[in-house]
Amino acid sequence: MSIKTVILSLPNDVERRRFCESEIARFGLCHKFSDAIAGDQISNSELRKFYDADMNRIKFKRPLSRNEVACTLGHRQIWQEIVKSQDYVSLVLEDDAAFVQDPRPFLEELLECGKCFEDVMIKLDGISRNNGQVIKSVADQYLILSDRLPPRTTGYIIGRRAAKRLLALNAPIARPIDIDLKFYWEHNVPILTLGQKMITEREDFNSTIDHCRSKTKPGSSMARFVRNLMYQTKYTYGRLSHPLNPDMIEGLGPLMQAGNRVRNRA
């Protein structure tokens, strides 16, 4: 049995899709493409529908680019498909994802109790360096709960109920998707990271989001400083006022059964 893999990719980007297919074929994973939305194809009226500029000024340190809005819409589209599926968990990749280690032992052991992971997300594209607690080991990987998540949404495992909970927020877009995920007290989906990164971004593919991001920064250095200070203050206050206690997180229940001992991260 193979985990269902969904790859977010622009339909006309043949080079990236070919790379994804060769990367997936290395490990014999079943996959399908989910057509991403190009930022420059979002009309002004559609942008106003999906993106809340006023809330963005309150919640984030700079305006979002159209590509960032499109990225969030693409992931939400995949989550909708996952909620409708019969699969307990799915693997979601962006089209610049590259495996830095063989994922099969991890994925195969995870699927042995797929239902146990139906309420969580597991980020495969970065590690948490602070305040981590080991929740469980899967194959040769530790699953770590931390209040400081790494950026990016290059690759992750997501459970069906976790996807449903993220979609239930149904709020206009105000922050990049990876930043939204960091605000765990808002969405209440347990997000775990690995002890060792499994996925990275392919270096020879330029990020369309990173390219556009610099163009959206507020004009003056003082304006950037003030907005960044406000954002960091709100994020730090939220994180400190919502400490993570694994025993109190409902979605971690199946992973906290006898034999899944929690300990401080080494």
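Hi everyone, let me start with a charge and a ring. The charged end of R202 sits over the ring of F19, at 4.0 Å from the ring centre. Before I go on, please keep in mind that this is a predicted model.

The charged end of R175 sits over the ring of F183, 3.8 Å from its centre. So what else does F183 do? The structure holds 8 aromatic pairs. In one of them, F183 and Y231 come together in a tilted arrangement, with 6.2 Å from centre to centre and 45° between the planes. F183 lies in the loop between α7 (177–182) and α8 (184–187), while Y231 belongs to helix α10, so this pair ties together parts that are 48 residues apart in sequence.

Y231 and Y235 are 4 residues apart in helix α10, which means about one helical turn separates them. Y235 is buried as well, at 10% relative accessible area. If you'd like to find the whole group on the screen, F60, F183, Y184, W185, Y231 and Y235 form one aromatic cluster.

Helix α10 runs over residues 221–241 and includes F225. F225 is part of a nonpolar surface patch of about 490 Å², made together with M222, V226, L229 and M230.

Another helix to look at is α4. Helix α4 covers residues 66–84, which is 19 residues, and reaches 28 Å from its first C-alpha to its last, close to the 27 Å expected at 1.5 Å a residue. Several of its residues are buried, among them N67, E68, H75 and W79.

Now for the salt bridges. How many does the structure hold? The count is 17, and I'll pick out a few. D13 and R16 meet through their side chains, at 3.5 Å from N to O. D13 is partly exposed at 22% relative accessibility, whereas R16 counts as buried at 12%. That puts them on either side of the cut-off, because buried means under 20% relative accessible area.

In the next pair, K123 and D125 form a salt bridge, with their closest N and O atoms 3.1 Å apart. Here D125 counts as buried at 8% relative accessibility, and K123 counts as buried at 3%.

Then there is R152 with E201, whose side chains meet in a salt bridge at 3.7 Å, N to O. This pair links distant parts of the chain: R152 is in the loop between β7 (141–145) and β8 (155–159), E201 is in strand β10 (residues 199–201), and they are 49 residues apart. R152 is partly exposed at 28% relative accessible area, and E201 is partly exposed at 24% relative accessibility.

One last stop: E118, D119, R160 and R161 are linked in a network of salt bridges.

How values were computed: Residues numbered from 1 in each chain as written. Predicted model: local features only at pLDDT ≥ 70, side-chain atom pairs only at ≥ 80, totals over all residues. Heavy atoms only, no water. Patch = residues over 30% accessible without salt bridge, like charges linked within 9 Å, V, L, I, M, F, W, Y side chains within 5 Å. Areas by Shrake-Rupley, 256 points an atom, 1.4 Å probe, with all protein chains shown as cover. Salt bridge = Lys/Arg side-chain N within 4 Å of Asp/Glu carboxyl O. Helix = DSSP H or I, 4+ residues; strand = E, 2+ residues; numbered from the N terminus. Expected span 1.5 Å × (residues − 1). Buried < 20%, exposed > 50% of the residue type's maximum accessible area, 1.4 Å probe, protein only. Phe/Tyr/Trp six-rings, centres within 6.5 Å; stacked < 30°, edge-to-face > 60°. Lys NZ or Arg CZ within 6 Å of the ring centre and 35° of its normal.
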